[in-house]
Amino acid sequence: MNASFQTPAPPTADKLPLEVLIAAPRGFCAGVDRAIEIVEKAIERYGAPVYVRHEIVHNKFVVDGLKAKGAIFVEELDEVPVDAPVVFSAHGVPKSVPEEAQRRNMIWLDATCPLVSKVHRQAERGVKDGRHIIFIGHRGHPEVIGTFGQVPEGQMTLVETEADVAALTLPQDQPLSFLTQTTLSVDDTAKVVDALKAKYPAIKGPRAEDICYATSNRQASVKAIAPSCDLVLVIGAPNSSNSVRLVEVSERCGTPARLIQRANEIDAEWLHGVGTIGVTAGASAPELLVREVVDQLAQWRQVSERQVTTAEETLIFKLPRQLTI
């Protein structure tokens with residue numbers, strides 16, 4: 001940590017008490033665990049460097065750790081030497097990317113989260129069934145770009161808000177279906193889906209909700225702790241959709257929240273008047289950073305911590321066959 005960001009700790013006797021409520025589930029999900037392991041095992045199997053197209057997950061600490069082990073991160077496939085292995089990020093890529101890797105006879109591994117891949121297959125089936133797809137997501141997010149890249153251009157329309165739904169001009173008799181990005185706000189998405197169903201009563205939805213279990217669980221855990229807190233700290237990157245949503249969830253509960261990447265971003269001034277603080281982490285943030293934050297708080301206050309568990313997560317995703325044979 002950068003010590004220049006820290007406020008000197010007062011003498012122990014002068015420390016005010018601080019209750020820390022730690023949300024559970026928090027941090028790494030099964031898709032993130034799998035993606036990181038794919039990069040690590042690829043380095044073991046093929047040797048460094050292994051290239052990764054786009055950040056494997058949206059977390060600088062994780063990315064920097066993989067760089068130190070021999071990963072090189074690039075934005076496009078043409079930056080990768082043809083004889084070097086390349087991994088596609090957990091957010092998914094347009095279909096054209098693996099097709100190009102195949103054409104160039106590259107060694108490539110797909111770290112796309114299986115729950116994102118499920119949405120990709122749903123998009124393909126919807127188009128095959130003759131339906132135009134309305135996709136609920138955040139413009140420019142890698143997952144949105146990857147999902148749009150699964151179907152021919154013009155077969156999918158993006159909406160972000162209820163206002164976007166109101167502006168749609170698709171004919172009522174056109175067969176429609178909707179899908180969603182996996183890392184959205186559960187509550188916001190429900191409102192957009194309701195607006196879609198009101199405008200297009202015949203629209204077909206996915207058989208199961210596309211927002212992933214980890215996103216839903218982390219939002220539920222914040223809802224459980226936020227009303228009891230004076231402030232909630234969310235550990236995650238500014239470009240991490242699921243982490244930003246956790247800040248929004250807390251604020252909608254009436255509790256101010258701060259998005260931080262590391263403990264050294266915490267300002268001691270934030271603790272003035274705070275007796276109870278909540279801590280959670282987005283799905284791309286490792287548990288090590290949670291402990292770092294609690295340790296930093298303990299430098300300033302007499303901390304008592306309690307975990308609040310709202311769900312248990314046991315899901316594990318298999319690695320690609322190339323890494324298991």
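How many aromatic pairs does the count come to? The count comes to two aromatic pairs, where rings of Phe, Tyr and Trp (its six-membered ring) pair if their centres lie within 6.5 Å.

1. Basis. This is a predicted model: local features need pLDDT of at least 70, side-chain atom pairs count only at pLDDT 80 or more, and totals for chains, interfaces and linings use all residues. Residues are numbered from 1 along each chain as its sequence is written, and side-chain values use heavy atoms, with hydrogens and water left out.

2. Aromatic pair. Phe 88 and Trp 108 have ring centres 5.5 Å apart and planes at 25°, so the pair is stacked. Planes under 30 degrees apart count as stacked, over 60 as edge-to-face and the rest as tilted. Phe 88 sits in strand β4 (residues 86-88) and Trp 108 in strand β5 (residues 108-110). The two are 20 residues apart, and the pair links distant parts of the chain. Helices (H or I, at least four residues) and strands (E, at least two) are DSSP runs, numbered from the N terminus.

3. Helix pair. Helix α1 (residues 30-46) and helix α2 (residues 60-69) have axes that come within 10 Å and cross at roughly 10°. That makes α1 roughly parallel to α2. Angles under 35 degrees count as roughly parallel, over 145 as roughly antiparallel, 65 to 115 as roughly perpendicular and the rest as oblique. Axes are lines fitted to C-alpha atoms, for helices over the stretch in contact, and angles run from 0 to 180 degrees between N-to-C directions.

4. Their contact (heavy atoms within 4.5 Å). From α1 come Ile 36, Val 39, Glu 40 and Ile 43; they meet Val 62, Leu 66 and Lys 69 of α2. By class, this contact has five nonpolar, no polar and two charged residues. Ala, Val, Leu, Ile, Met, Phe, Trp, Tyr, Cys and Pro count as nonpolar, Asp, Glu, Lys and Arg as charged, and the others, Gly among them, as polar.

5. Three-stranded sheet. The sheet is open, with order β7-β6-β8 and parallel pairing. Two strands pair if DSSP finds at least two bridges between them. β7 (156-159) and β8 (176-180) are the edge strands, each pairing on one side only. The twist averages 25° from one strand to the next. Strand β6 (residues 132-136) is joined to β8 by five bridges and to β7 by four. Ile 136 stands opposite Thr 180 in β8, and its bridge partner in β7 is Val 159. Helix α7 (residues 186-199) lies across β6, β7 and β8, at about 150° to β6.

6. Five-stranded sheet. This open sheet has the order β10-β9-β11-β1-β12, with parallel pairing. Its edge strands are β10 (257-260) and β12 (302-309). Five bridges join strand β9 (residues 231-235) to strand β11 (residues 276-281). Leu 233 stands opposite Val 279 in β11. Helix α8 (residues 213-225) packs on the sheet and touches β1 (17-24), β11 and β12; its direction makes about 175° with that of β11. Helix α9 (residues 241-252) lies across β9, β10 and β11, running at about 165° to β10.

7. Backbone points to check. The Ala 24 to Pro 25 peptide bond is cis, with omega about 5°; Pro 25 is in the loop between β1 and α1. Ala 48 to Pro 49 is also cis, with omega near 0°. Pro 49 lies in the loop between α1 and β2 (50-53). His 54 is not a glycine, yet has a positive phi of about 75°. His 54 is in the loop between β2 and α2.
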